Amino acid sequence: MEKNNNNFILKRIQNFLYSFYAKETDDARLSEIYDGLVKALMQDIGKNWTKSKKIFKNKEVYLLSFEYNPGKFIESAIESLDYTDEVNKCLDSLNISMEDLVNYEKEASLGNSDIGIGSWYLMKELSKNKIKSMAYALRYESGGMKQEIREGRQFVNPNEWLYRGNKWEHKKDFSYILNIQNKQVKAVAYDMPIFNNENNFVNSLRLWKSESINKIDYLNLKSGDLKSAYDDYINNNSLTQFLYLDNSTYEGKIFRLKQEYFYCVSSIQDIFRRYFKRNFEIKNIKNKVKIVLADIHPSLAIVEFIRSLHQGYNLEIGECVDISRKVFDHIGFLVTPDSRESYDISMIKSIDDSFFDIVIKLNDYAKINFNLPIIENNQLQYDRLNYIFAEKYFYLSKTIVENYKDKSNNFSHLNFGIDRYLYAKSNNKNLKKLLENYDINISDKNSLEKLEKLKNNLDFYDEVEDVKYKNKLQLIEYFKINETEPINPYSIFDMQLTMFHEAKRQLLSAICIASMYYKLKDNSNILIPPTTYIFSGKASDGYFMAKEIIKFILALKYMLDKDKLIKEKLKIIFIEDLNVEKLRKIYPACDIYSNLTLPLYDNQSFHMLNSIFNFSNIISAKGGILTNIQKENKIYTFADDYKKIENIKEENSYNAREFYYKNDIIKTTIDNLINEDYSNLPYNFKNIYDYLISYNDSFFIFKDHEQLLEKRLEMGMDYLDKKKWIDKEIDNILWANEFNLDKNFEKLK
């Protein structure tokens with residue numbers, strides 16, 4: 001667009017205010033200015049979006065994911081259009097700050113885990129590489145849960161991110177009618193732009209909203225039966241109300257299945273509609289379309305795709321399977337046991353008879369042709385759907401691929417990478433400015449290689465240290481931490497930022513902190529650099545032990561804060577309701593990121609890579625992506641690797657109770673925690689102890705405790721050596737620099 005004066009943004013906002021609010025800018029509220037600015041930006045984003053839609057080269061890529069973590073749009077949109085100066089001048093004239101607008105915007109609540117981080121990054125990289133793509137999501141009206149920490153525990157509430165509306169979306173004029181449990185449901189589409197910060201190419205995020213065909217049953221309403229009158233309306237509209245309701249009950253599980261069915265059928269129908277807008281031969285779809293399934297939840301899309309080919313276009317099952325195996329790829333983000341979904345086939349049948357019939361035919365086909373049924377113990381196994389009927393099955397960890405038990409010829413790994421712009425460049429302004437002085441761009445692979453030459457540059461070491469200090473002060477101010485509990489910005493900031501799960505081992509970290517506490521109680525002269533441990537993450541509402549771990553960490557925090565001597569050396573901060581915007585504020589202040597996931601379940605840590613690019617050191621268990629590439633890293637590692645842990649479990653050679661009695665360090669810590677007076681530690685730790693013993697410490701909390709403790713003490717000493725510490729950070733950045741999706745797009749074609 002041609003910018004004919006410095007106030008073109010202001011003029012657009014004013015014209016919008018005239019049209020929709022009948023106001024001058026001087027009289028407009030912040031919400032109205034925000035609306036006008038979004039419309040002003042969308043005018044040009046829309047032009048780029050339209051041009052991008054007209055590009056037809058090679059295959060069109062479709063991503064099906066239950067989660068996306070885009071963060072807030074306003075700043076990214078401004079920077080993607082290179083309108084920063086113009087918008088700042090406009091806002092100055094209106095006496096409004098960018099911070100005001102960012103704080104006003106509600107973050108899209110479309111995900112809360114690694115799946116969401118990875119899916120959004122994949123779509124941005126597709127846009128950056130000008131690959132025409134469409135992402136599908138559910139339009140969760142109440143989003144993922146909103147976490148509140150009070151009274152020493154987690155409370156959850158709906159995340160009403162749409163209560164002001166979503167200014168970045170537009171409703172499409174088409175819909176699909178689905179049959180679910182013999183009732184009709186309407187799937188209504190809303191589109192949002194997926195732009196990037198390197199070019200003007202824009203892809204689409206299509207959100208599905210469920211609506212009832214019959215709004216209200218008038219006859220029941222007339223007769224006074226309010227429940228029956230609204231029954232159909234409530235049941236159908238609720239399908240896209242929440243992300244991940246508790247599915248530990250039959251009702252919760254059938255609701256999740258209905259949600260997945262609604263999502264997959266709507267998306268596959270839309271893909272076929274789009275395909276036939278420019279193509280005529282159904283069998284050629286394998287050469288024109290690539291469908292990528294992000295983790296396990298969209299697996300029913302494979303069944304719906306084959307059902308459409310078989311029942312809609314009269315292709316034989318074998319031919320349908322051949323096409324499916326050319327069209328679908330699967331990316332596995334989560335590998336914990338509870339991440340593998342399965343459903344009783346009676347549930348499948350209750351959803352839709354014809355869908356059930358295809359599942360049975362596919363099971364027969366899989367048994368005959370692959371010697372691997374997709375139904376086992378009357379359960380439809382989602383992972384097997386992907387093993388058999390997708391072309392490629394990707395994990396993010398080379399270690400997982402090499403050691404996975406259910407071997408498959410189509411298993412491989414992706415060096416996935418992270419969104420450096422979102423999580424390292426645009427959020428860490430102090431670091432960005434410092435690196436620019438040395439002609440380094442943190443988001444550019446080639447530019448980052450110049451860091452090697454800055455080793456032994458004493459001025460650079462001092463500047464990095466100063467940047468980290470300023471970032472810590474900004475974190476303290478942003479989260480208003482000093483208002484309630486003074487925090488030492490010179491202390492080590494050791495972070496663990498992820499969903500609470502036994503496999504993530506926040507419990508291991510907390511017990512290790514308790515051990516340090518008791519060491520200091522015995523001898524306050526031990527040289528331990530002051531350390532602030534920052535936890536943040538949510539526990540699924542139906543996950544009892546994850547919620548208990550949060551309770552324990554909060555109680556441990558209380559005990560540390562109460563001790564006037566120890567609280568100067570050990571501190572715990574819990575940041576509630578973690579989201580993208582908060583992560584962007586937290587990463588720049590990180591000194592150490594603790595990736596403690598047990599190697600059997602460590603497929604990727606986006607938080608670890610994000611922390612590395614913000615100049616942080618890492619402590620990690622020996623799994624995940626550490627061996628993905630040959631380049632050496634300087635990550636601190638502890639405990640056993642995947643193979644050793646697997647052998648221990650297979651041989652049943654670890655006895656948690658016996659280990660507890662024989663290991664003085666863990667026994668002393670556990671006994672102290674159990675015997676602490678409730679006035680000091682307001683949690684009954686015996687609950688956790690009994691649980692660990694009853695399950696033989698299945699995540700090796702006792703077993704790995706001493707090694708983590710020793711490694712943290714070692715890191716504390718290394719932190720005092722500025723050169724050694726920053727050189728390790730540089731080495732790890734150069735290692736992480738090799739993780740980039742650009743190299744992997746050929747694998748996804």
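This is a predicted model: local features need pLDDT of at least 70, side-chain atom pairs count only at pLDDT 80 or more; totals for chains, interfaces and linings use all residues.

Me: What does phenylalanine 389 touch?

Reply: Leaving out residues up to four places away in sequence, Phe389 touches Ile302, Ile306, Val321, Ser324, Arg325, Phe328, Leu362, Tyr365, Ala366 and Ile374. Phe389 also belongs to the largest nonpolar core, which has 264 residues. Together with Trp168, Ile291, Leu451 and Trp735, it touches the most other members of that core.

Me: Which element gives the largest share of this core?

Reply: Helix α9 (residues 250-275) does, with twelve residues.

Me: And where does α9 lie?

Reply: Helix α9 lies across β1, β2, β5, β6, β7, β8 and β9, and runs at about 120 degrees to β5.

Me: On to the sheet, then. What is the strand order?

Reply: The order is β5-β6-β7-β2-β1-β8-β9-β13-β14, nine strands in an open sheet with mixed pairing. Strands β5 (170-180) and β14 (411-413) are at the edges; each has a single partner strand, so one side of each is left without a neighbour in the sheet. On average, neighbouring strands are turned by 25 degrees against each other, direction ignored.

Me: Parallel or antiparallel for β5 and β6?

Reply: Strands β5 and β6 pair in the antiparallel sense, over eight bridges. Asparagine 179 has glutamine 184 of β6 as its bridge partner. The two strands form a hairpin with two residues between them, and glutamine 181 in the turn has a positive phi of about 55 degrees.

Me: Changing topic to helix packing: at what angle do α1 and α4 pack?

Reply: Helix α1 (residues 8-20) and helix α4 (residues 84-94) pack at about 60 degrees, and their axes are 8 Å apart. The two helices are therefore oblique to each other. Phe8, Ile9, Leu10 and Ile13 of α1 make the contact with Glu86, Val87, Cys90, Ser93 and Leu94 of α4. By class, that contact has seven nonpolar, one polar and one charged residues.

Me: What about α20 and α30?

Reply: Helix α20 (residues 458-478) and helix α30 (residues 722-736) have axes 10 Å apart and pack at an angle of about 80 degrees, and are therefore roughly perpendicular to each other. Among the contact residues are Phe460, Tyr461 and Asp462 of α20 and Lys722, Lys723 and Ile726 of α30. The contact divides into five nonpolar, no polar and six charged residues.

Me: One last residue. Where is lysine 634?

Reply: Lysine 634 is in the loop between β19 (617-622) and β20 (636-641). It is partly exposed, with a relative accessible area of 29%.

Me: And what is lysine 634 in contact with?

Reply: Neighbours within four places in sequence aside, lysine 634 is in contact with Lys728, Asp731 and Asn732. Lysine 634 and isoleucine 733 are 9.6 Å apart in space, C-alpha to C-alpha, and 99 residues apart in sequence.

Methods:
Residues are numbered from 1 along each chain as its sequence is written. Side-chain values use heavy atoms; hydrogens and water are left out. Axes are lines fitted to C-alpha atoms, for helices over the stretch in contact, and angles run from 0 to 180 degrees between N-to-C directions. Helices (H or I, at least four residues) and strands (E, at least two) are DSSP runs, numbered from the N terminus. Angles under 35 degrees count as roughly parallel, over 145 as roughly antiparallel, 65 to 115 as roughly perpendicular and the rest as oblique. Contact means heavy atoms within 4.5 Å. Ala, Val, Leu, Ile, Met, Phe, Trp, Tyr, Cys and Pro count as nonpolar, Asp, Glu, Lys and Arg as charged, and the others, Gly among them, as polar. A nonpolar core is a set of buried Ala, Val, Leu, Ile, Met, Phe, Trp, Tyr and Cys residues joined through side-chain atoms within 4.5 Å. Buried means under 20% relative accessible area, exposed over 50%, partly exposed in between (1.4 Å probe, protein chains only). Two strands pair if DSSP finds at least two bridges between them.
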